[in-house]
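Here are a few exercises to work through with the model open in your viewer. Try each task before you read its solution.

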Amino acid sequence: MRQAVVAALLLTSLCQTPALAAEAASGTATPLIPREAIFGNPARSVGRISPDGRWLSWLAPKDGVLNIWVAPADNPSQARAVSAEKTRPIRFYYWSPDSAQVLYNMDDGGDENFKLHSVNVHTGQHRVLTPFPKVRNRVVGISPQVTDRILVGLNHRDPRWHDVYSIDLKTGALTLVQQNDGYADFIADRNLNLRLAAKARDDGGTDYHRIMGGAIEPKPFLSVGLEDSLTTLPLGFNADGKTLYWMMSSGRDKAALVAQDMTSGKQTILGQSDRADVSDVLADPKTGEMQAYAVNYLETQWTALAPKIAPDIAFLQEKLNGEIEVTSRTLADDRWMVSASPTDAPPATYLYDRQARVLTRLFSTLPQLEAAPLVDMHSVEMRSRDGLTLTGYVSLPPGSDADGNARPDRPVPMVLLVHGGPWGRDTSGFTRLHQWLANRGYAVLSVNFRGSTGFGKSFISAGDLEWGGKMHDDLIDAVDWAIGQGIAAKDKVAIMGGSYGGYATLVGMTFTPERFACGVDIVGPSNLFTLLETIPPYWEALRRQFYRRMGDPTTEEGRALLRDRSPLFRVDAIKRPLLIGQGANDPRVNVRESDQIVAAMTAKNIPVTYALYPDEGHGFARPENNIAFMAIAENFLQPCLGGRAEPIGAALKGSSVRIQEGAAHVPGLEAAVAASAASTPPAAE
């Protein structure tokens, strides 16, 4: 029996590292977690409680596609699906303020032209509230004080700008509230009156104009420059509309929670940290008054502002592990829906009764992983070559750290996993990619390089004009740190990421081709010129900021910089295996970004594997497509790094994936493509 187990493990681990091979020989190798268990549909996720407290809701599969389910709050076992999407999963939804409907967005094949849908939880009536083709809606205002309507922005008149409409939630009628002639955004108070208009400045900053009596004042009420543009954001008004709350960095480096008097303009700091920006807040559902704020340096720490909520914050932090988020609250504020995301267990959702101070566990997002050999994620700090402190997160292969010191007993292969944005960040908590890669035998390192958000405006600004420059230096410094710490084997480091992380992968393969054994690029731009040419029209307000932070294509100096930092023009330098995944309908990183670098590589006979998904956009929403890509990726990484892989097998079945180039470079991919084609019925003529 033991010999059979070892043989089975070896069949799925053709190129194991010496440590993993030794484990297999002794019969103690950690079982491979099936890809479908990690990347398939969650059993339930995104829990909400309705404002009136009568209903619980969540996303769960219906006929294999994530839909909205609703259950009586006093009887969750009576849940029923109220939406009926057949192809693309619903990924986010929310309750109408009258608790009678759930609202959600759906696009077409990842094109991000979202239509707003509503479903009446009593009658089951489904309505498309914004049924316009090639139009993107975005919510401008929802208020518990106005229960019969909401405000949305629609860009059907001019694709660059969203006019503001009121939608009657009972009839679906649309009424124009504000035509938009060049404003980035509008902010409404809790009576759904527009009170503030944001306008992009030529320097990449933002002017905020008060709206008085329906008219936009010509003189800005508040102005911020480029340096504050990503760390200043209006959060909402209190109930009487006299106070506006901000996340604001003006006059300081780290964004603070600020209250501003709308008449005098006086600002009062409510909460701040010298380590990181304010990252989240809790506001009273009825009054809108700020009650607590969070700061996330390495992990999230909550601080209560209101005495009545302090015991609740303390209770939740004592009882729950990992990253804690209050996802919804009743209007009476007697019950909360809370999620907790540990680093070494799947996230779980709880119903919290404040009066009784009782937590009821409702569900695990991925119960199939609760008994799986998951690993911890370690928070780390390191220094860049020019003295910046970089934060990051490391996960190690199971069984590699016998003494538990957050370092493997010997260096192991490593994947540098680069976040997107770049104006985003990595955080602590359960991460599917970390768990998957660690289970396959790799250390995983995620690092918040300069330009990442959350660590103050100077840290963001340190990344200006440094795409492929000092931002990439930080990634190389992180790899050197991992090698110096005995985590990574120097010749066995891969780079992988999506969006900006995909760009960083291409930079790694072209700018520093000797440093990485291979790379996995997901929807990454290859040419910064064409990236800026094809940004969606509704990002027009951000254009000047992109130019200031990336390089200005309207100037000779900017054009030279953009060309110099574009991997497309350095394909001759590629020496190591490269895998590219792309959604054909991506509105952010146009499919041309992948097409052109693949064409340039094939023209020079440089091997590349290219997986294209005709029904996806910026990333892979359908689990069938996600599973298929990860099957390709782990079998691509295995001969490169020497880890383990679950054979591709039938993983392409049900996926739209088309291998445009290089199937022969990934073990088992040609056979999987042939098997998938053979199992697909011919199209009707």
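**Exercise 1.** Which side chains does the side chain of R329 make polar contacts with?

*Solution.* Start with the cut-off: a polar contact is a pair of N or O atoms within 3.5 Å, where, within protein, one must be able to donate a hydrogen and the other to accept it, and residues adjacent in sequence count only if both atoms are side-chain atoms. The R329 side chain reaches the side chain of Q291 at 2.6 Å. Next comes the side chain of D333, at 2.9 Å. A word on the ground rules: this is a predicted model, so local features need pLDDT of at least 70 and side-chain atom pairs count only at pLDDT 80 or more, while totals for chains, interfaces and linings use all residues. Residues are numbered from 1 along each chain as its sequence is written, and side-chain values use heavy atoms, with hydrogens and water left out.

**Exercise 2.** Is R329 buried or exposed?

*Solution.* First place R329: strand β25, residues 323–329 (strands are DSSP runs of E, at least two residues, and helices are runs of H or I, at least four, numbered from the N terminus). Then check the area: R329 counts as buried because its relative accessibility is 13% (buried is under 20%, exposed over 50%, partly exposed in between, with a 1.4 Å probe and protein chains only). Finally, list contacts, meaning heavy atoms within 4.5 Å. Leaving aside neighbours within four places in sequence, R329 touches residues including I49, P51, L282, R335 and W336.

**Exercise 3.** How do the axes of helices α7 and α8 cross?

*Solution.* Take α7 as residues 470–484 and α8 as residues 500–511; their axes come within 11 Å and cross at roughly 75°. (Axes are lines fitted to C-alpha atoms, for helices over the stretch in contact, and angles run from 0 to 180 degrees between N-to-C directions.) So α7 is roughly perpendicular to α8 (65 to 115 degrees; under 35 is roughly parallel, over 145 roughly antiparallel, the rest oblique). At the crossing, M471, H472 and L475 of α7 meet Y500, A504, V507 and G508 of α8.

**Exercise 4.** Which ring does the charged end of R570 sit over?

*Solution.* The test is NZ of Lys or CZ of Arg within 6 Å of the ring centre and within 35 degrees of the ring normal. R570 sits over the ring of F511, 3.8 Å from its centre. Likewise, R48 has its charged end over the ring of Y93, at 5.8 Å from the centre.
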